[in-house]
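Subject: Structure for your attention

Dear colleague,

Please find below the structure that I am handing over to you. My notes on what was found in it follow directly after.

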Amino acid sequence: MAIASTQLKPALEAGNIAALAASDGCAQHALVRRLTLPDVAGRDLADAVHAVCAVHGRLTDLFEEAARRGVADLDTDWLTDATEAFGVERAYLARLTAAVGPLPSTPGQAESDTAFAAQRHTFDMLARSDRAGCSIGAAIALVIDWHAFRRILDAAAHRAGVTVVASQLPDEIAIAHIATAADAAAPVRRAMAFGAQQIFAQHRGLCDLIEARAIARDSL
C-alpha cells in the first residue's frame, strides 16, 4: 500500500487534522464497530490483533523522528511523552498477540504479508519525510487512529482474559487541540495535513484487509 496520490480537499489545506479525522479516520470504519460487538467470532478478533501487531508491533520511531523534525511555532513537547506511551502500547500489543493464540488460517496469507510490509515501509517514509510538518501530522493521526484500534485490542483482551492496560497517549480531546492549534506557516500546515491523510488512508486500508480476511475465512 503505497502513499496515496489523492489531493487534499481545499477546505483542509490549512491543516485541520481534526476535520480529516472525522471524515477519514478509522474510528467510523465498520470493522471497528463489528469487532467490538459481544458476539464477534474469536478468530476475527485474534486475526485483527495479529494484523495490528504485524504493522505496529515492531519498534517504531515515528514520534522520535517527528520530534527531531520539529518546526518553529509548533508545540512538539507532547511527542516525547507519546514516544514512551507508545512503547507501553507496543508491549501491551505483544502480550495480547501471544494471548489470543496463533494466527488464524486464512486464504491469501502471502498477499496479506506483502501488504503489511508495504504499510510498514510507508510509515517509515512518512516518519523520515524531509517535508517540514509531515511527520508531525503523521504522528498526530497515529494517536487519533490508535484510540480506535484500542477498542479492538481491549475487546480482545477481555475475551482472552488479559488485563487491560490504561493508555498514556493523549486522549481525543487533547490531540484534537494539538491538531487544530498549529501556528506554523501554511506550507507546514499543509504538510501536516498530508502526513495525517496518509496515515488515515493506510489505516483504512488495514481495516479493509482485516475485513476481507474475515470474509475469506467465512467462505471456506
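The largest nonpolar core of this predicted model has 66 residues, among which Ile17, Phe63, Trp78, Ile140, Trp146 and Phe200 touch the most other members. A nonpolar core here is a set of buried Ala, Val, Leu, Ile, Met, Phe, Trp, Tyr and Cys residues joined through side-chain atoms within 4.5 Å; buried means under 20% relative accessible area, exposed over 50%, and partly exposed in between, with a 1.4 Å probe and protein chains only. The greatest share of this core, 17 residues, comes from helix 7 (residues 134–160). Helices (H or I, at least four residues) and strands (E, at least two) are DSSP runs, numbered from the N terminus. In soluble globular proteins, nonpolar side chains tend to be buried together.

Ile140 is located in helix 7 and counts as buried because its relative accessibility is 0%. Contact means heavy atoms within 4.5 Å. Apart from neighbours within four places in sequence, Ile140 is in contact with Ile17, Trp78, Ile175, Ile178, Ala179 and Met192. Ile17, with neighbours within four places likewise left aside, has contacts that include Gly137, Ile140, Ile144 and Phe200.

Beyond four places in sequence, Arg150 is in contact with Glu89, Tyr92, Val164, Val165, Ala166 and Ser167. Arg150 and Cys134 are 16 residues apart in sequence, and their C-alpha atoms lie 24 Å apart in space.

I turn next to a pair of helices. Helix 3 (residues 42–56) packs against helix 9 (residues 186–218) at an angle of about 145°, and their axes are 10 Å apart. Axes are lines fitted to C-alpha atoms, for helices over the stretch in contact, and angles run from 0 to 180 degrees between N-to-C directions. On the helix 3 side the contact involves residues including Asp47, Ala48 and Ala51, and on the helix 9 side residues including Leu206, Ile210 and Arg213. The residues of this contact comprise six nonpolar, two polar and six charged. In this count Ala, Val, Leu, Ile, Met, Phe, Trp, Tyr, Cys and Pro are nonpolar, Asp, Glu, Lys and Arg are charged, and the others, Gly among them, are polar.

Thr106 sits in the loop between helix 5 (78–99) and helix 6 (109–127). Thr106 counts as buried because its relative accessibility is 8%. Residues up to four places away aside, Thr106 touches Asp47, Arg213, Ala216 and Arg217.

Finally, a word on confidence: pLDDT is the predictor's confidence in each residue, from 0 to 100. The chain has a mean pLDDT of 89, with 91% of its residues at 70 or more. Over residues 1–15, pLDDT stays under 50. Where pLDDT is low, the predicted coordinates should not be read in detail.

Residues are numbered from 1 along each chain as its sequence is written, and side-chain values use heavy atoms, without hydrogens and water. Local features need pLDDT of at least 70 and side-chain atom pairs 80 or more, while totals for chains, interfaces and linings use all residues.

Yours sincerely
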